[in-house]
Amino acid sequence: MTWPGIIERYRAHLPVTRKTPVVTLLEGNTPLLHSPALSERAGRGIAVYLKCEGLNPTGSFKDRGMTLAISKAVEAGSVAVLCASTGNTSASASAYAARAGLRSIVLIPSGAIALGKLSQALIHNASVAAVDANFDACLAIARSMAQQHRVTLVNSVNPHRIEGQKTCAFEICDVLGRAPDLHLTPVGNAGNITAQWKGYTEYFRLRKISRLPVMLGFQAQGAAPLVLGRIIKQPHTVATAIRIGNPASWQGAVTAAAQSHGGIRAVTDREILHAYRLLAREDGVFAEPASAASVAGLLKLAGQGFFKRVKRPAGRPLTIVCILTGHGLKDPERAVKSVRAPALLAPSISAICKAVGLR
Ligand code: AN7
């Protein structure tokens, strides 16, 4: 059977009826990839898996929430959708809106979103408003606009987004046959960690899993309101996707961390970029910088001896899942900046061999 997308696959767990028109690009069913490099770094008896959400149709986890948000918008008779975005939400919203024949309007912080994401919104024919303000200000404006006009807001304050995104947790449990022991995820606006925890707790109540994971969220140090416990007026980080100072799902993140005995922690830009390069070089996985925050968190915790203090399951490895939220190709400029640029060479075999280290 071909994969039918997350709404058909998890229909029983989602707020849809037979009357809901399903708008799908066949999102979900993303690889849960074992990482030998990270397992070794995490320590003996630990298995690390990468949930490669960058392999969704528009290159990020947002598609899980967007298939549902757009389907419900069509069901409700909406003709236009609106979002503020650090890039991936706008890419996803504009693609799903195109598919559904809806208008899309996206507010982006000018100059602060990655090129790949901007190109997506533009090519999918969104009305793009490049605003001279940060994401938090854009979201506040979008919320007001949605109250004053007949447009459907598809940021994660729209509960259908959270419902769709919880399917990431379902897939992880379905593949592993249980919940992971630890679930590590990047956190920006905090919709995703809220959704993932909802997914795990629903599976737990349905007895599809017998234990819940410990949820560990990672923010960039310059954009870590949940770690500091206060709004950050001018957040900064190289990981533009999570450059957010006032997360909309603040309470959801705090609840997930508290109920699961986990936490929200910070990683520096240096640690993020180190993890970003390591994933690409040693695992062959190209994830965007914000996604590497979960892996940066893993490496940081390993360095602190955290996993030595975690209670080990009997008869199997400690299982850790790192969510890689978006594809590396979203931000090609960052990739090129992160390594030494190639020198321009004459078309001479000897010069080229010398430059690439072949003797
Ligand atoms: C790659 O697109 O907020 O904590 O406007 O693109 O659920 O916000 C993106 C967020 C992590 C954080 N990784 O997720 C947007 C936006 C990537 C992201 C996050 C985002 P949330």
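Trainee: What pLDDT do local features need here?
Mentor: In this predicted model, side-chain atom pairs count only at pLDDT 80 or more, totals for chains, interfaces and linings use all residues, and local features need pLDDT of at least 70. Residues are numbered from 1 along each chain as its sequence is written, and side-chain values use heavy atoms, with hydrogens and water left out.

Trainee: Where does the ligand sit?
Mentor: Take the protein atoms alone on a 1 Å grid; a cavity is a set of points where a 1.4 Å probe fits but cannot get out. A molecule sits in one if more than half of its atoms lie within 2 Å of its grid points. By that test, the ligand sits in the largest cavity.

Trainee: Which residues come nearest to the ligand?
Mentor: A residue is near a molecule if one of its heavy atoms lies within 4 Å of it. There are 22 residues around the ligand. Those that come nearest are Asn88, Asn189, Ala190, Asn192 and Thr325.

Trainee: How much of the ligand's exposed area does the protein bury?
Mentor: Start with polar contacts, which are pairs of N or O atoms within 3.5 Å. Ligand oxygen lies 2.8 Å from a polar backbone atom of Gly188 and 2.7 Å from one of Asn189, while a ligand nitrogen is 2.6 Å from an N or O atom in the side chain of Thr325. Accessible areas come from the Shrake-Rupley method with a 1.4 Å probe. Taken alone the ligand exposes 470 Å², and the buried part of that is 98%.

Trainee: How many disulfides does a search of the whole structure find?
Mentor: A disulfide is a pair of cysteine sulfur atoms within 2.5 Å. For Cys173, the nearest cysteine sulfur is that of Cys168, 9.6 Å away. For Cys322, the nearest is that of Cys52, 10 Å away. The search finds zero.

Trainee: Is Cys322 buried or exposed?
Mentor: Buried means under 20% relative accessible area, exposed means over 50%, and partly exposed is in between, with a 1.4 Å probe and protein chains only. Cys322 has 0% relative accessibility, so Cys322 is buried.
The value for Cys173 is 4%, so that cysteine is also buried.

Trainee: Why is helix H8 largely enclosed by the rest of the structure?
Mentor: Helix H8 covers residues 167-176. Among its buried residues are Phe170, Glu171 and Leu176. Just after H8, Gly177 takes a positive phi of about 80°. H8 is largely enclosed because the buried residues number eight of the 10.

Trainee: What is the phi of Leu26?
Mentor: Most residues other than glycine have a negative phi. Leu26 lies in the loop between helix H1 (6-9) and strand E1 (32-34). Leu26 is partly exposed, at 48% relative accessibility. Leu26 is not a glycine, yet its phi is positive, at about 65°.

Trainee: Is Arg207 buried or exposed?
Mentor: Arg207 sits in the loop between H9 and strand E8 (214-220). Its phi is also positive, near 60°, in a residue other than glycine. Relative accessibility is 75%, so Arg207 is exposed.

Trainee: What separates the C-alpha atoms of Ser35 and Tyr49?
Mentor: Ser35 is in the loop between E1 and helix H2 (36-42). Ser35 is buried, with a relative accessible area of 0%. Ser35 and Tyr49 are 14 residues apart along the chain, and their C-alpha atoms are separated by 5.6 Å.

Methods
Polar contact = N/O pair within 3.5 Å; in protein donor to acceptor, adjacent residues only side chain to side chain. 1 Å grid on protein atoms, 1.4 Å probe; cavity = no way out; pocket = protein on both sides within 12 Å on 5 of 7 lines; lining within 4 Å. Helix = DSSP H or I, 4+ residues; strand = E, 2+ residues; numbered from the N terminus.
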